[in-house]
Amino acid sequence: MKKLIYISIAVLIIVILVISGSILSAKNPVPVEKNNAVQEKVMQDIKTGTGKNDKKSENLKCTTCHEGDYPTKNDPLLRACPREHMIRDFKYMDKGPDEVVIDYMKENYEGVVFSHKLHSEMSAISTGCTGCHHYNTAAPILNCSECHDKNRKREDVSVPDLKAAFHRQCMTCHKQWSGDNGCNNQCHVRKGEKQIERKTSKGSSHPQLKEPGKLVYETNYDAGKIVTFFHDEHNKLFRIDCSSCHKKDNCVKCHDKTKQQGTDGKLKVQKSLDEHHQPCMNCHKINNCDKCHKNSEMAPFNHARSTGFALKSYHSSLTCARCHGNQMPVKKLDRNCNSCHKNFTTGFNHGVTGLTLSEVHKDMDCESCHAGKDFSKPPVCSSCHDDKSYPSNSPGNKGRK
Amino acid sequence: MIPAPVKHKFFTPGVFILIILALNGLAFLAVRFVSGIGAVTNLDNVTPWGLWIGVDVAAGVALAAGGFTSAALGHVMHREEYHVIVRPALLTAMLGYTFVAFGVFVDIGRFYYIWHPLIMWNGNSALFEVGICVMIYLTVLYIEFMPIVTERFIGRVNLPDFISFLNKPIDRALRYIDSRLSITMFIFIIAGVVLSTLHQSSLGTLMVIAGQKMHPLWQTPILPLLFLLSAIAVGFPMVIFESLFASRSFKMKPEMHVLSKLGGMIAPIIGIYLAFKIGDMFIRETFKYITLFDTPSIMFIAEMGLLVIAFVMFISNRVTHSPLGLFIASALVIAGVLLNRINNFIVAYNPYYNPVKYIPSFGEISVTVGCIALLVLVYRVVVMIFPVISQDKEDIIKKI
Amino acid sequence: MKNLNRRDFFKSAAAGVSMVTIGAASVKGADKRLSEDRVGVLVDTDVCVGCRHCEWACKTAHDLPTADLDNYSDKAVFKEYRRPDAGALTVVNEFDNEKNPALPVHLKIQCMHCERPACVSACIVGAFAKREDGSVVWDSDKCIGCRYCMVACPFQIPTYDYDKAIQPMIRKCDFCSDRRDKGQLPACVSICPNEALVFGKRVDLIQIAKSRIKRKSDVYVNHIYGENEVGGTSWMYIASKNFDKLKMPPLALNPAPGISETIQHGIFAYFVPPVTLYALLGLMMWVTKRRKSEKNEKLQENNEEKGVKS
């Protein structure tokens, strides 16, 4: 009887094992399938270029960068190539042509003369070279027709054709400037027709832009109506790039025909409160209005008044970034010299302070005179000398060496 | 009571006014056919359909509904007592649809292509269905009217001398037609009712495709049902109105025993229509537009108000048994349905880009009024020639 | 015997089902006839400069009277909002741009070439047709000038020659079907200096529109007008302003002819409802007639009895 029970228990266990095993094995393939699916998806993404990795340029295809069908590690067959925003330096900036003649439509039209130099100069206060040369290489500038098809009827219409590419470059600004869309009076001249006189000839350049010094704005913020903006300080003193504020400026900002005709009311740009403050708030991340909004004009920037640290001799000729770094907001410094002058103690040429130490003093420790390495206080002579004091007695010759 | 040609002098002051109105309409029609639709109407690219479609066609079809409702009552349900109204109703329908067809002919730009739908079909188009049904129904109506013609002329064909040899063959033909028709008439009568049901409802489907261009008070997927119900509702009132009007005009005794009974049936039909209309309004929650008191809301209130008053009047026995009461109540229903069609096709049509709201021009109104005047005149002529209106035997003898 | 009956039943049932499915397929056939590669145009209003050359090209291509191209640079026409009419199948309008007043928004209007066109569904004689490639064209030989297409069109596009008594035309953009049959692009697309009108497969255009909106999300409103409106259109728009501010009608997403066709097919489902109604009325007529004749017979009998008595 007992045997029977054991046998039945054993059989039961076996049955349970078999059943559970089969269930488990049935469940197992699922993750495997998933893996396959993921792998396939990745493969497909690679093929079609729609993966997660290339969020920035969803139309990225192999042929965007590779010229041939079978690139290898040694021979990647790279195009002289358009990788957006990868290269920002224009090596040959000063070698840009004065004029470019665009003559893709030779049959019907005279070539369009584009005053390259003038435009590149003007672009300095807005988009820079990349405004037009939006795809560029470290190598010489590409022809537009490398990417922009000459035919409007084409398979891939995600990139504008050549005609559109040219027109879009010109017309977005010129339309605003002149408010005109005529073809013949600006760029195009039909074959045989008399050449229109061009304002831009070779070598001409844009008149030097005059920079405003101080700008005083009257606002309707009651607690402080007057905001003073020192343009020259920002530009010259703080060495801030024009384009970091003048982001979308173009010719129209100054050459606005409607404004010249005295109807500037229409062109008043409606900006929200945020948009108004944005150029300042980009760097000045402050929340109190009083910082800028005052009841009277602000005085120019004064390092001594603002920070209590007067910039004398050497310091006055330094750029801000030299001490404060390039980052905004600026790095705050304390008044300890060795916060900046790190290798003060060994091999410091004391002569730069305006006092060349005498042979006796030269090899002494800094702390012998500057108690507690506090260089902001006058040095002390009393640790060695009973009857001498600084500055009536100096430990060397006045004057730099 | 037997149908007989009415003996009465044709010209009365009223008739002269009608003739003037008709001639005025015809003058504007001439302009339309010479210089185009734009020369007469206020229609433009924003409002392509106006008074002519709204009244001449849509309201015309609705008001001619007396033909099929009375045919259903008299012939299909064999309620013999109503036979006296069947012939006048048939004549109204026949003339009504003839003028509807004429209205379409006037309104479509290429009137000479009016036959195109016969061979160029588009089964998806509600207008195609309306067009085909109206064409067939008009034919059916003429066939239904044939027995009246044969009755009038069998044994009495009397052509002028030079073609008098045709008297006999024509008489024989009429007899043949009469004998054939008396066997097959039931086919046409039923067909007439079915065709009417179809196109009365499809007339409602017409504006469904306008979608958001139509004011939500009227735009509903049950428009076809509402159109059918309102057409049925206006059928008997139209018959009553006409009968009372004709008996007054021809100085005969109104057939109150029939008309009162007929009047008793109207209230429930209007009730059903109103129930659907108001129910639809609550389901789609469009009642909020009523309180805006802009043009559509006022027109909607007017349309509903007329029918509600008529509904209340028809419930009362006193009204249905007095000629004046019946006349007014019927007129209210007719006005209500007419306004409903105008609302659906003109007032409710309010597209997104609509700089100038359409108001019919004097020319359009002239043509519409002219057509109605012409219709009344033709009606008068026909009842004087053919045995349409039932009269007491003594009356007939007396007048003769 | 029993088996046979059953088999017959299944056969007829199957036949019934297949008929129903064929019917359903034919109702929805309109969608399936369209090519996967059907074309469209993406109008990028941010790129459009409002030169109106498309207007000139359109008129020239359709033999409509037009001024010289040089005259089109006149911006005075923008003072009034314009609509297409019998003399111009497409027009460009100007709208204020609050973000930059010097760069107003321009928007070209023409037939949208709906995926499920209301005009095709509405036309009494089938003068409108949706071609496989997506365009909606009108056949002058069929048209009777009833203007129902104009009532039906959710975009208010078809126009009519109100001043012509003989052979007035319904006019609307025909997607330059003649030019395209010759392998050319539509006239407006071809002349556009900035390729603000991008011609291509509809599926591609939607992708391009999406990527442009994504790339310049600060400029564009996140809405491709025409992607889903009234069941989708072949011409689509992206813009820097809400479309109702550009006077494009805010429309529902269900196809324009949808409800109307459903009702129509419901009433005429293979003529079953009309025929049933016909049969019912016939039956009613027959029943009432019999009842009436019975009544008459009884009446006659009564009369006879009365007569006998009297």
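1. Accessible areas here come from the Shrake-Rupley method with a 1.4 Å probe. On that basis chain B exposes about 16600 Å², of which carbon and sulfur atoms supply 73%. The structure is a predicted model, and the points below should be read with that in mind.

2. Chain B has 400 residues, and buried residues make up 57% of them. Its secondary structure comes to 15 helices and two strands. Of the contacts in chain B between residues at least 6 apart in sequence, 80% join residues at least 24 apart.

3. For chain A the corresponding values are as follows. There are 401 residues, with buried residues making up 16%. Chain A exposes about 30600 Å², and carbon and sulfur atoms supply 56% of that area. The chain contains 15 helices and seven strands. Where contacts in chain A join residues at least 6 apart in sequence, 53% of them link residues at least 24 apart.

4. A nonpolar patch lies on the surface of chain B. Ile17(B), Leu21(B), Ile365(B) and Val369(B) form this patch, and together they have about 300 Å² of accessible area. Helix H1 (13–35) and helix H14 (362–385) of chain B are the elements that give two or more residues to the patch. Ile365(B) belongs to helix H14 of chain B. Its relative accessible area is 37%, so Ile365(B) is classed as partly exposed; the class covers values between 20% and 50%.

5. Over all chains, the structure holds 24 salt bridges. As a general principle, side chains of opposite charge can pair when their charged atoms come close. One such pair in chain A is Arg152(A) with Asp161(A), whose closest N and O atoms are 2.9 Å apart. Both Arg152(A) and Asp161(A) are buried. The two residues also take part in a network of salt bridges that links Arg152(A), Arg154(A), Asp161(A) and Glu195(C).

6. The side chains of Arg175(B) and Asp171(B) meet at 2.9 Å, N to O. Both residues lie in helix H8 (residues 167–208) of chain B, four residues apart, which is about one turn of the helix. An α-helix has 3.6 residues a turn, so residues three or four places apart point the same way.

7. In chain C, a salt bridge joins Lys201(C) and Asp37(C), at 4.0 Å from N to O. Lys201(C) lies in strand S8 (residues 197–201) of chain C and Asp37(C) in the loop between helix H1 (2–32) and strand S1 (39–44) of chain C, so the pair ties together parts that are 164 residues apart in sequence. Lys201(C) counts as partly exposed at 28% relative accessibility, and Asp37(C) counts as partly exposed at 44%.

8. Strand S8 of chain C also pairs with a strand. S1(C) and S8(C) run antiparallel and are joined over five bridges. Within this pairing, Val43(C) stands opposite Leu197(C) in S8(C). Four of the five residues of S8(C) are buried, so the strand is largely enclosed by the rest of the structure.

9. Which residues of H7(C) are buried? They are Arg202(C), Leu205(C), Ile206(C), Ile208(C), Ala209(C), Ser211(C), Arg212(C) and Ile213(C). Helix H7 (residues 202–215) of chain C has 14 residues and should span 20 Å at 1.5 Å a residue; its end C-alpha atoms are 20 Å apart, which agrees.

10. Chain A contains an open sheet of three strands in the order S3-S4-S5, with antiparallel pairing. Strand S3 (214–218) and strand S5 (293–294) of chain A stand at the edges, each with a single partner strand, so one side of each is left without a neighbour in the sheet. S3(A) and strand S4 (residues 226–230) of chain A pair over five bridges in the antiparallel sense. The bridge partner of Glu218(A) in S4(A) is Ile226(A). In general, strands of a sheet pair through backbone hydrogen bonds, either parallel or antiparallel.

Note on methods. Residues are numbered from 1 along each chain as its sequence is written. Chains are lettered from A and ligands numbered from 1 in the order in which they are written. This is a predicted model: local features need pLDDT of at least 70, side-chain atom pairs count only at pLDDT 80 or more; totals for chains, interfaces and linings use all residues. Side-chain values use heavy atoms; hydrogens and water are left out. Patches are made of residues with over 30% relative accessible area and no salt bridge: like charges are joined within 9 Å, nonpolar side chains (Val, Leu, Ile, Met, Phe, Trp, Tyr) within 5 Å. Buried means under 20% relative accessible area, exposed over 50%, partly exposed in between (1.4 Å probe, protein chains only). The expected span of a helix is 1.5 Å times one less than its number of residues. Contact means heavy atoms within 4.5 Å. Two strands pair if DSSP finds at least two bridges between them.
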